[in-house]
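Keep the structure in view as you read.

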Amino acid sequence: MKAYKIIVLAKQVPDTRNVGKDAMKADGTINRAALSAIFNPEDLNALEQALRIKDSFPGTTVTILTMGPGRAAEIIREGMFRGADDGILLTDRAFAGSDTLATSYAISCALKKVKDFDIIIAGRQAIDGDTAQVGPQVAEKLGLPQVTYVEEVQKIEKGKVFMKRRLDRGVETVSCPLPMVMTVNGSAADCRARNAKLLMKYKHAKTVTELQNSNEDYLHLYNDRPYLNIPEWTVNEIEVDHAELGLTGSPTKVKTIENVVLQAKAAKVITSADSDIDNLMRELIESHTIG
Amino acid sequence: MNSIFVYCEIDEGQVSEVSQELMTKGRSLANELKCQLEAIVIGHKLDGIEKQIFPYGVDMVYVADDKRLYPYNTLPHTSIIVKLFEEQKPQIALMGASSVGRDLGPRVSSALHSGLTADCTSLVIGDHFDKKQDKNYENLLYQIRPAFGGNIIATIINPDCRPQMATVREGVMKKEIFDPKYKGKLVKLDIANYVSDSDFVVEIIERHMEKSKINMKAAPIVVAGGYGMGSKENFQLLYDLAEVLGGEVGASRAAVDAGYAEHERQIGQTGLTVRPKLYIACGISGQIQHRAGMEESAQIIAINTDPEAPINSVADYVINGDVGVILPKMIKYYKQNTK
């Protein structure tokens, strides 16, 4: 039986449900340091689809590729605890301020270095931007076909992946030849939980930078157990055109950012007392709003 | 002056709602910029489709008609648009933020290296002065959208790359016929010049589309529930009230995510935009993404246990209290007063 090499594109995102005042910098970009960071929800759905393929085709490997600051290595470890084999952290100051196109360019350059993959799986979109652009843009930059909004990978047969897609008003079953890029919808199966054995195995996995900043007493471990080393790629490790990176490489610019300040309009405040509700319904009927 | 393009989605021979809304917006932008409004339609059996399009004030319609082009398939649609845009060099391109537009838009923008802003809630023409380059840009498209979980409103511009691309959700822009007798030009594209066999590697095996059963946009009254409803069972209270008042039930994203209501009922930036006569928000805190989908309602009642809930800022009536107590009372007193 064939084994596949799968790359899962994942993003560590600020938990946008809990945002403080210092969340934005003056230049309109996000101040990630001030926010709690989580594994982007739909990227977890993507990881689950990858792990299911691994379950069905023994020997398949699942690699998490993430672009972000040093702390983004956290989600690589999280992925390994759930069944991913390894990960790559793509990190460099040169990527700062990238819009979706510059991000897709950097990720596609890293994927060109990885080279012999069969399937790239990403979440449909990240909760900090909600754009759903990076998956299709990576596919275009690699010249690969894309299948978006995947809810279930049904089978892989004769070099083709069969998938169910969730559309605005229905479902579609499609087939796509390998290699290909798919993005997974939030309606797909939830990701499996951490596995206790894998947690023990990978909890000390670190990038070089993390290792340098830690007071690790067991440095020899990292020689004896190569899987504990998370590769860290900067612009020096991948072939890139610097003009295409970061703010310079981004066609879209943020002109202004407005923090949302609520302008209260004078509302009539009432209670749940019978007389209040009675009066309200009378008012609405009299104004022909209802009835 | 380079034109504005709208990508027209086709649904069983009809130009989709969102495309009609975008042509309406495109016409007003074209008037302001004094340029042409153009449309591209890709599909099959499109004879006469231009009759649905010209009334929106479209000056030129490009039609790509081939049986392999319907239903929508990413690669061939991308190839046609990319080549057409390279030839015509539009300054602005608009697409629906639908499952089609959000699949197609990023692929096209990557191929053309042009910027794309997703899910815009407003599109405005304006200038921009770049201090670093000491350069003034005139008549850019301001692409305005909530971002970052709705905590900010961002105005995005594409100063140097063309076309300036944006997607907009259905129901966000208003749809209006410009002139029922408006006559534009029709151009039929020779498909062989635009697509190759390698564009057809993704095969659609099966397709089940459902007509939306829920007609939220036409409902005069919307009773919407949020995460604060607490459970799917409690949502029944909303159906009860909606039935009595003759309305529809809507939901916030949090409620849909929690499984309290189906996705088709979702109101807000990533769902539907509604403008009913009366909007009753029950257990909805009212983050900006939600308010973006309902704040133009004529009257808003907010029912919430939190007196500081953001929804209260757009409400005409605020009822502080428990929805489980208040909704049955509303039904009771409505019935009493209409007898």
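Two residues count as being in contact when their C-beta atoms, placed from the backbone, lie within 7 Å. The model is predicted. On that criterion, the contact between the chains takes 67 residues from chain A and 72 residues from chain B.

Start with the side of chain A that touches chain B. Its elements giving two or more residues are helix 3, helix 4, strand 7 (146-157), strand 9 (170-177), strand 14 (253-259), strand 15 (268-270) and helix 8 (274-286) of chain A. Strand 9 of chain A gives the most, with eight residues. By class, this side of chain A holds 31 nonpolar, 19 polar and 17 charged residues.

Strand 14 of chain A runs antiparallel to strand 10 (residues 152-157) of chain B, and six bridges join them. Within strand 10 of chain B, B:Ala154 stands opposite A:Ile257.

Now turn to two helices of chain A. The axes of helix 3 (residues 100-114) and helix 4 (residues 134-142) of chain A come within 9 Å and cross at roughly 50°. Helix 3 of chain A is therefore oblique to helix 4 of chain A. Their crossing is right-handed. Helix 3 of chain A contributes residues including A:Leu101, A:Tyr105, A:Ile107 and A:Leu111 to the contact. Among those from helix 4 of chain A are A:Val134, A:Val138 and A:Leu142. In total, this helix contact has seven nonpolar, five polar and one charged residues.

Last, look at chain B. The domain assignment gives domain 1 (4-118 + 159-200) and domain 2 (221-338) of chain B. Their C-alpha centres lie 35 Å apart.

Methods
Residues are numbered from 1 along each chain as its sequence is written. Chains are lettered from A and ligands numbered from 1 in the order in which they are written. This is a predicted model: local features need pLDDT of at least 70, side-chain atom pairs count only at pLDDT 80 or more; totals for chains, interfaces and linings use all residues. Domain bounds come from an automatic or database domain assignment. Axes are lines fitted to C-alpha atoms, for helices over the stretch in contact, and angles run from 0 to 180 degrees between N-to-C directions. Helices (H or I, at least four residues) and strands (E, at least two) are DSSP runs, numbered from the N terminus. Angles under 35 degrees count as roughly parallel, over 145 as roughly antiparallel, 65 to 115 as roughly perpendicular and the rest as oblique. A crossing is left-handed if the near helix is turned anticlockwise from the far one by less than a right angle, and right-handed if clockwise. Ala, Val, Leu, Ile, Met, Phe, Trp, Tyr, Cys and Pro count as nonpolar, Asp, Glu, Lys and Arg as charged, and the others, Gly among them, as polar. Two strands pair if DSSP finds at least two bridges between them.
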